[in-house]
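This report concerns a single protein chain. Please consult the sequence and the structure shown below while reading.

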Amino acid sequence: MFNFVNNKVLRRQQIKYQPIGLVLVVLVWSLAMGLFLSQASTAQTATTTPTSIGTVDVVPAQYKLGQELYLENCSTCHIAIPPAVFPTQTWKNLLQDSQHYGAQLQPLIDPPRILVWRYLSTFSRSQQPNQQIPYRFANSRYFQALHPQVKLPRPIQASSCVTCHPGASNYNFRSLSKEWE
């Protein structure tokens, strides 16, 4: 009988202390996870956010080579524009056509063409239904939306971007001239 009473008392004490132990375990676990997540997000921010993002989008490592090849091949003749200015279909047609705005180009061959295509198709925008494929800035709905109150020269040329975006020749469209800041 004494053993039975002792077991009952012990069980009550165990049951009494179990919720407190569970709360302590959950609290310690939450603190550890919070500390871990804060460290992880700080480390990720430090590695992925440079002090100045020149392009419109942060480009993940798997698309960096495609971006470099795009800049290397396109910015030799004119200022390279961010892929989002034109829809994906425009970029596809431009990569397939050796006639580039009146100039004969030597087409990119694979694998560089594939890398450039992956970069452009990932960061360009989708084509709206019943929308004509734009080949000029003036016809680009996205370009017009980004420049709602800007009186643009006619015809709009990539070289005129430097007027408002002094870093455009370095593929930096985030910095603006003092007049537009």
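## Overall architecture

The structure is a predicted model. Its protein chain contains five helices and two strands, and along the sequence these follow the pattern α-α-α-β-β-α-α.

Of the 181 residues in the chain, 25% count as buried. Among contacts in the chain with a separation of 6 or more, 63% are made by residues 24 or more positions apart.

Helix 4 covers residues 112-123, twelve residues in all. From its first C-alpha to its last, helix 4 reaches 17 Å, close to the 16 Å expected at 1.5 Å a residue.

Four members of helix 4 are buried: Val116, Tyr119, Leu120 and Phe123. Viewed down the helix axis, the buried residues of helix 4 fall within an arc of 90 degrees, so they line one face of the helix. These buried residues pack against helix 2 (61-74) and helix 3 (88-96).

## Aromatic pairs around Tyr119

Across the whole structure, a search finds seven aromatic pairs. One of them joins Tyr70 and Tyr119 in a tilted arrangement, at 5.8 Å centre to centre and with 45 degrees between the planes. This pair connects distant parts of the chain, since Tyr70 lies in helix 2 and Tyr119 in helix 4, 49 residues apart. Tyr70 is buried, with a relative accessible area of 2%, and Tyr119 likewise counts as buried at 2% relative accessibility.

Tyr119 also pairs with Phe123: the ring centres are 5.5 Å apart and the planes stand at 45 degrees, so this pair too is tilted. Because Tyr119 and Phe123 are four residues apart in helix 4, about one helical turn separates them. Both residues are buried. Ring pairs extend to a cluster made up of Tyr63, Tyr70, Phe86, Trp91, Tyr119, Phe123, Tyr171 and Phe173.

## The largest nonpolar core

In soluble globular proteins, nonpolar side chains tend to be buried together. The largest nonpolar core in this model has 24 residues, and those touching the most other members are Tyr70, Ile81, Trp91, Tyr119, Leu120 and Phe137. Helix 2, helix 3 and helix 4 are the elements that give two or more residues to this core. The greatest contribution comes from helix 4, with four residues.

Ile81 is one of the core residues that touch the most other members. Setting aside neighbours within four places in sequence, Ile81 is in contact with Tyr70, Phe86, Trp91, Phe137, Tyr171 and Phe173. Several of these partners also belong to the aromatic cluster, including Tyr70, Phe86 and Trp91.

## The salt bridge

Side chains of opposite charge can pair when their charged atoms come close. A search of the whole structure finds one salt bridge. In this salt bridge, the side chain of Arg113 meets that of Asp110 at 2.9 Å, N to O.

How accessible are the two partners, Arg113 and Asp110? Arg113 is partly exposed, with a relative accessible area of 30%. Asp110 is also partly exposed, at 39%.

Definitions and conventions:
Residues numbered from 1 in each chain as written. Predicted model: local features only at pLDDT ≥ 70, side-chain atom pairs only at ≥ 80, totals over all residues. Heavy atoms only, no water. Salt bridge = Lys/Arg side-chain N within 4 Å of Asp/Glu carboxyl O. Buried < 20%, exposed > 50% of the residue type's maximum accessible area, 1.4 Å probe, protein only. Expected span 1.5 Å × (residues − 1). Arc of directions from axis to C-beta. Contact = heavy atoms within 4.5 Å. Phe/Tyr/Trp six-rings, centres within 6.5 Å; stacked < 30°, edge-to-face > 60°. Core = buried A, V, L, I, M, F, W, Y, C linked by side-chain atoms within 4.5 Å.
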